[in-house]
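Morning, everyone. Please have a look at the model on the screen, and then I'll walk you through it.

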Amino acid sequence: MTEQEKKELQERVKSVIERVNNAAVQAGRDPSEITLVAATKMNDAERVQVAIEAGIRVCGENRVQELQEKYEQDAYDGADLSLSARCRPTRSSI
């Protein structure tokens, strides 16, 4: 990931957080009541870490294999993790 790509990702994350916070206030809600979950599916560990450094506090993953791989690379350090996967056999076990 280039420095320019990191900067762009950081700006996008900050923009989304700001928009969510503004929408919460406009709806009469406390922004701290809102949980923004960043879908990390199909993103590598470095990209996940950049997003966390930019302000993401919860990462969502729905593929156990991807979660394991990124977890072993400490990709989720600094954030909570949410797994939303359906349990089903892999093709190799059928």
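**Core and charges**

Let's start inside. The largest nonpolar core has 15 residues. Val 13, Val 48, Ile 52, Ile 56, Cys 59 and Tyr 76 have the most contacts inside it. Keep in mind that this is a predicted model. Two elements give two or more residues to this core: α1, residues 3–26, and α2, residues 45–54. Which gives the most? That is α2, with 6 residues. As a general point, nonpolar side chains in soluble globular proteins tend to be buried together.

Now pick out Val 48. What does Val 48 touch, leaving aside its neighbours within four places in sequence? Its contacts are Thr 40, Asn 43, Cys 59, Lys 70, Ala 75 and Tyr 76.

Hold on to Lys 70. Is Lys 70 buried or exposed? Lys 70 counts as buried, because its relative accessibility is 4%, and the cut-off for buried is under 20%. Its side chain meets Glu 66 in a salt bridge, 3.0 Å from N to O. Shared partners then join Glu 61, Arg 63, Glu 66 and Lys 70 into one network of salt bridges.

Glu 66 is buried too, at 16%. Glu 66 also pairs with Arg 63, with the closest N and O atoms 3.6 Å apart. Arg 63 is partly exposed, at 36%.

Last stop: Arg 29. Its side chain forms a salt bridge with Glu 33, at 3.1 Å. Arg 29 is partly exposed, at 41%. Over the whole structure, the search finds 6 salt bridges.

Technical notes: Residues are numbered from 1 along each chain as its sequence is written. This is a predicted model: local features need pLDDT of at least 70, side-chain atom pairs count only at pLDDT 80 or more; totals for chains, interfaces and linings use all residues. Side-chain values use heavy atoms; hydrogens and water are left out. A nonpolar core is a set of buried Ala, Val, Leu, Ile, Met, Phe, Trp, Tyr and Cys residues joined through side-chain atoms within 4.5 Å. Buried means under 20% relative accessible area, exposed over 50%, partly exposed in between (1.4 Å probe, protein chains only). Helices (H or I, at least four residues) and strands (E, at least two) are DSSP runs, numbered from the N terminus. Contact means heavy atoms within 4.5 Å. A salt bridge is a side-chain nitrogen of Lys or Arg within 4 Å of a carboxyl oxygen of Asp or Glu.
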